[in-house]
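Hi,

Here's the structure I promised to pass on. Have a look, and then read on for what turned up.

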Amino acid sequence: SGWPIFGLLELVSTQLKNPLEGEEAEAAAVRLEDISPDGCCDRIQDRNDLEYLGILEDKLARGEAVPLSASFRYLAEAPSRCSWGKAVAYFALAEQILHAGQPGSQSRAKDLIVLGESQVDNCAVGRNITVREQMYSKWPYWSILRRVESGGDVRHYSQMLPPGGGYQAPPLAPFSAPRGGASGSSTSWSVGSPLLAAAASTSAPSPYSASASSAASSPSPPATVSATGTAVAALVSVHSECGGRDVHVAFAGDREHIEGFLAALNSAVSRTASPQRLCFHVFCLGSEEEFLRAALVCSFRGRLAQASASSFLLDGAIVHLQRFEREQVLTSYLLVDGGVTVETGNLNAPHNYIRFHLTQWLSPRVVPQIIYLDTDIIVLGDLCALHDHVLANRASHEVVAAVPRYHLPLAVYLKALSPQLPVWLPSTAPSFNAGVLVLNLEAWEEGNFTGKVDWWARKNSNRTLWRHGSQPPLLLLLYDKVKWLDETWNVDGLGHYKNHSPGALENAKILHWTGPLKPWVPNGLHQERWELFAVHCWKGAGNGLPT
């Protein structure tokens, strides 16, 4: 950044650990153990720690680089737990790589610094580490970072660096997923990856292992759909309700988003050249169905006609209301901490988790692909064109199509470098927003991703892998199974800030109000763009929803 942040921290740290002499020094002396009772981060316990600390102090005093061999040897011999000593080793390696100045060194050094950050962040499980605690550490990582900062070798902000070359997850052996069988029969899975074998050694049953279906301690992940019972009923229902339409779109939003849903639906129907191809599946709680039905009738008036007991015809498109109950989609493992819901909105609304369970109601034999949309969007492109493009161009392993977020890598949403995460993740790989997705339901069912979401949610019961609700599990499972869409298909952040470029807004095919300032609230942002499609019949009647 150009600001001497780590230089100042090093200076203050040195002063705190080496106060003035005499009685004042005795009064000022504070040990790290007094601040950090668990002493978890600053352990210097064995010969390996002492030798590496000695090398660090010697090289810093001489103004020399820390030898690569010393840092690698320390990391190789250090225990698996996090420690601030390992953080220093990663930072020292980053300094050497930056100083060498080889092609790609900026991205590689960034990744090493992220590894060091992970050691700093994750050594104290269940609580935050303060800068004051770090000030009293015997490990001199402020000094190493000060040298990196002042050396002039860092030339780019992290978010401006492309993902490093060669960052591919280790190949996994193919799944064997039997289909069919008697109703209620369990699904077996086999996988040859040693990485996932480690993940299987937990109390939660794993959809990756053959023992998952036989585990009696907790329910096994849902089996793939068989051609009996509920699956057949879903198949017949979807086929009859949609009347053979081939472009399926899912919405799910609670009463607080009703204005947004109505505008999103209006824009999607208005902006397609082929509304007769569209079938919208609108998921609502049983307690919300009558309210939603009344809002549709009131808002669309003469454009809406009753097609069946649970479906409407809107300008040629089908709008089907699909009831669900909270317990069908949401478990305690997926609930979000209260502090997060204050910051980000109600992530615990069961509607957010419909995207994991679509195959409960939509058989892939009838709906092989579906576009999932949040309700805080406006569609400006043709959803039929999006459907056709993805269907014609996706690879067999691609389960989802989405817009990449290069500025928000996986490490923003997942604790990708946590020792508790038993699957290797490229922390700098781009994430994607789960509010605009094209889901390959055939591949979703074949891969039992509903069961895998449940399994990972159980592993995250103590929030060691992620904190925020429904998006991280999708990133964890699908980051390398994505077909990237053009950025115009999800221009997001409109509920956070105003400084989008005019070109991005004018060329957008979907505008997305991620963030708290939704366009239907009094202080919402970019309201002029949303108002073009707002149709709720209580417009101008003041704040609040109709009864």
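Before more of that, some background. This is a predicted model, where local features need pLDDT of at least 70 and side-chain atom pairs count only at pLDDT 80 or more, while totals for chains, interfaces and linings use all residues. Numbering runs from 1 along each chain as its sequence is written, and side-chain values use heavy atoms, leaving out hydrogens and water.

Back to Ser118: you'll find it in helix 7, residues 105–122 (helices are DSSP runs of H or I, at least four residues, and strands are runs of E, at least two, numbered from the N terminus). Leaving aside residues up to four places away in sequence, Ser118 touches Cys82, Leu417 and Ser418 (contact means heavy atoms within 4.5 Å).

Now the disulfides, meaning pairs of cysteine sulfur atoms within 2.5 Å. The count is 2. Cys242 is joined to Cys279, S to S 2.1 Å, and that link is left-handed, with -65° about the S-S bond. Cys242 sits in helix 11 (residues 229–242) and Cys279 in strand 2 (residues 278–285), so the pair ties together parts 37 residues apart in sequence. Cys242 is buried at 2%, and Cys279 is buried at 0%.

The other pair is Cys298 and Cys537, with sulfur atoms 1.8 Å apart. Cys298 is partly exposed at 27%, and Cys537 is partly exposed at 26%.

Cheers

Notes: Buried < 20%, exposed > 50% of the residue type's maximum accessible area, 1.4 Å probe, protein only.
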